[in-house]
Amino acid sequence: MKKIAAVILVLAMAASMVMVVSCKAGGGQMIGVAMPETHVQRWVKDGNSLVEEAKKLGYRAEAQFGDANQGTQNQQIQSFLTQGAKALIVGCINDGVAPVIAEAARDNVVVIAYDRIIPNSEDYDYYITFNNFKVGVLQAESIVAGLDLDAATSPKYITLFAGSPTDGNAFFFFDGAMSVLNPYIDSGKLVVVGPYPRTSSDTNNFQRIATENWQAPIAKTRMENLLSNDARNVTLDAILAPNDTLARAILEACKADAKYRGNLPIISGQDAEWDSAMSIKNGEQFSTVFKDTAKLAEAAIILADQVLKGQPVNIPGAVLATGDLAEIGNTGRKYVNAYLLDPILVTEDNLTVMLDAGFYDDRLDGGNPLRW
Ligand code: GAL
């Protein structure tokens, strides 16, 4: 009899341990990860990192990619809801996502906007991203440094590109950059070739330099048109490019024009994509902005875990946007809590930043860091 009682006691203790572990961890609850596209390299890495981080905390997780089609992503999100997801991490494509975010809210599912604001929605409360205004500032500062603009004795010529007009980030990137460039334009040190919106609020001109859905072919074609028209009789010294995918496409167009052979413009970028890191190493792209999306993914899952558990939000390495930066969390219908990580400017002088962060580990051969 005593033996049976002992066995029951041990089984009860084991069961309570399992309960504690599952309650303490993610309890096997599901987190749905909805990423926008795969034609921009970084989102594949984001999706994989988010799933990996969720599983570390005991959640089930699945990543889906919307191929830059909001209808597709909406179906993927609805599928997560049908599967009983308790939280959604969403990098949306455009404001067409709002109806399924409303559905999630009705189901009491936690929604976290991931590196892109979910516009025109009042049905979520959290956004995790980088200081996107600072991304633009860094892009422009690299151009000013690359041109040695402060010491320039003659005007330098620049043309401007912006990201997708469906992506709230594109406006912050551009406005951050123009906050640095406008004083040089006003003084005549910098001359804009092509459309010149002083800020993204100049909607007409901003739309003329924007790149629908961050599509590289659109940027390449626009650069080819500039080279044949507005920039035909001038040699460009710099190009403001909002991310790496577009920067490389723009450079392809420039390299096909004889006057830029061995004389490429100083061009910015963003995302520290491998191909652009190699381009910088080879002296073509001038700079990129490293946003450690492994850290962003970790932060997003920590945020989801704390919200799901009703704990106060405290994310190592992320600060709550306040003051002017709070605008980053403006959905157009409400202000959500936007938590910001810090971006890092990268040029040929500090390419090892990504290696040291293990950002390219999935590409390294046997773990031996590539030497730049
Ligand atoms: C933005 C993101 C950038 C870049 C771009 C292209 O929303 O903040 O880092 O990846 O999308 O997809």
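A polar side-chain atom of D115 is placed 3.2 Å from an oxygen atom of the ligand. That is a polar contact, meaning a pair of N or O atoms within 3.5 Å; within protein, one must be able to donate a hydrogen and the other to accept it, and residues adjacent in sequence count only if both atoms are side-chain atoms. For D167, an N or O atom of the side chain is 2.5 Å from a ligand oxygen. For N169, the distance from a polar side-chain atom to an oxygen atom of the ligand is 2.9 Å. The protein covers 100% of the 300 Å² of accessible area that the ligand has on its own; such areas come from the Shrake-Rupley method with a 1.4 Å probe, and for residues only the protein chains shown count as cover.

A word on the source. This is a predicted model, in which local features need pLDDT of at least 70 and side-chain atom pairs count only at pLDDT 80 or more, while totals for chains, interfaces and linings use all residues. Residues are numbered from 1 along each chain as its sequence is written, and side-chain values use heavy atoms, with hydrogens and water left out.

Which residues are the closest around the ligand? They are W43, R116, D167, D271 and K291, from a shell of 14 residues, where near means that a heavy atom of the residue lies within 4 Å. Both α2 (42-56) and α6 (168-186) supply at least two residues of this shell; helices (H or I, at least four residues) and strands (E, at least two) are DSSP runs, numbered from the N terminus.

Let us turn to the empty spaces. Rolling a probe the size of a water molecule over the atoms shows where empty space is left. On a 1 Å grid over the protein atoms alone, a cavity is a set of points where a 1.4 Å probe fits but cannot get out; a pocket is an open set with protein on both sides within 12 Å along at least five of seven lines, and lining residues have an atom within 4 Å of a point. Points are joined across faces, edges and corners, and a volume is the space filled by probe spheres set on them.

By this rule there are two cavities of 30 Å³ or more. Where does the ligand sit? The ligand takes the space of the largest cavity, in the sense that more than half of its atoms lie within 2 Å of the grid points. The volume of this cavity is about 110 Å³, and R42, W43, R116, W214 and D271 lie nearest its centre.

The second largest cavity has about 50 Å³ of space. Its lining has nine nonpolar, two polar and no charged residues, and α6 gives the most, with four.

Finally, the largest pocket holds about 400 Å³. Among its 19 lining residues, K45, S49, F359, Y360 and D362 are the closest to the centre. Helix α2 contributes the most to this lining, with six residues.

Terms used
Ala, Val, Leu, Ile, Met, Phe, Trp, Tyr, Cys and Pro count as nonpolar, Asp, Glu, Lys and Arg as charged, and the others, Gly among them, as polar.
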